[in-house]
Amino acid sequence: MNNSPVSEHISFTPMTLEMLPSILVIENQAYPIPWSVQTFKDCITKDYVCKLMLLKGQVIGYHIVQVILDEYHILNICVSKDYQGKGFGKYQLQAIKDKAESELMNRILLEVRASNKTAKNLYLKSGFQQIGKRKNYYPISDGREDAFVLELALG
Ligand SMILES: CC(C)(COP(=O)(O)OP(=O)(O)OC[C@H]1O[C@@H](n2cnc3c(N)ncnc32)[C@H](O)[C@@H]1OP(=O)(O)O)[C@@H](O)C(=O)NCCC(=O)NCCS
């Protein structure tokens with residue numbers, strides 16, 4: 001884990017169905033097209049890695065990872081709007097990377113909206129590389145947009 005100044009009061013805990021109302025508040029504020037409650041329920045019940053990030057006990061973010069053989073697929077990584085831009089996204093991504101390395105994963109994969117410059121910057125700064133593009137992958141309010149496929153090779 002990194003030694004960033006934010007690390008002292010941060011902890012991670014499994015996401016539970018009871019926490020979904022609070023998670024949805026964060027999700028709805030953070031994304032233009034948020035996940036539904038059903039999508040979160042599916043991830044939790046399918047045993048994906050679903051973790052809340054707490055700052056002094058308060059939920060300020062979360063991530064959901066699907067493990068496929070020796071690959072981590074990040075399906076959702078989010079920081080509450082009020083806490084964005086303060087290093088918590090970087091910290092959370094580093095925590096995912098540390099766990100993947102400790103479990104001897106081969107790589108981490110994710111998709112990011114072409115328009116999501118903040119997230120793409122975070123991933124590129126964290127060592128991810130673009131390995132593909134999915135045309136018209138994501139819905140937007142008036143059509144569809146491309147997804148970039150990013151990879152972080154481990155090991
Ligand atoms: C994407 C997200 C997780 C990043 O977390 P964050 O806490 O805001 O980001 P951090 O403060 O840790 O910054 C990490 C890097 O992101 C980039 N970044 C952060 N804010 C940015 C902004 N406003 N504009 C451009 N790049 C930005 C920078 O590269 C930054 O690194 P630097 O500070 O060394 O320059 C967060 O903004 C978020 O939850 N957004 C909404 C949900 C989302 O889009 N999730 C990703 C789906 S693929």
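In which strand is Ile 131 found? Ile 131 lies in strand E6, which covers residues 129-140.

## Basis of the model

The structure is a predicted model, in which local features need pLDDT of at least 70 and side-chain atom pairs count only at pLDDT 80 or more, while totals for chains, interfaces and linings use all residues. Residues are numbered from 1 along each chain as its sequence is written, and side-chain values use heavy atoms, with hydrogens and water left out.

## Overall fold

The chain has 4 helices and 7 strands; these are DSSP runs numbered from the N terminus, helices being H or I of at least four residues and strands E of at least two. Along the sequence they follow the pattern β-α-α-β-β-β-α-β-α-β-β.

The radius of gyration, taken over C-alpha atoms, is 15 Å, which agrees with the value near 15 Å for a compact globule of 155 residues (the rule is 2.2 Å times the number of residues to the power 0.38). Buried residues make up 41% of the chain, where buried means under 20% relative accessible area, exposed over 50%, and partly exposed in between, with a 1.4 Å probe and protein chains only.

## The surroundings of Ile 131

Ile 131 counts as partly exposed because its relative accessibility is 47%. Leaving aside residues up to four places away in sequence, Ile 131 touches Arg 107, Leu 109, Val 149 and Glu 151; a contact means heavy atoms within 4.5 Å. Thr 16 is 115 residues from Ile 131 in sequence, and their C-alpha atoms are 33 Å apart.

## Helix H2

The buried residues of H2 are Phe 40, Cys 43 and Ile 44. Seen down the helix axis, these residues fall within an arc of 100°, so they line one face of H2; the arc is that of the directions from the axis to the C-beta atoms. Their cover includes H1, strand E2 (49-55), strand E3 (58-68) and E4. After H2 comes Asp 47, with a positive phi near 65°.

## The largest pocket

The largest pocket has a volume of about 1100 Å³. A pocket is an open set of points on a 1 Å grid over the protein atoms alone, where a 1.4 Å probe fits, with protein on both sides within 12 Å along at least five of seven lines; lining residues have an atom within 4 Å of a point. The volume is the space filled by probe spheres set on the points, which are joined across faces, edges and corners.

Of the 44 lining residues, Tyr 31, Ile 77, Asn 116, Ala 119 and Tyr 123 are the closest to the centre. The largest share, 7 residues, comes from E4.
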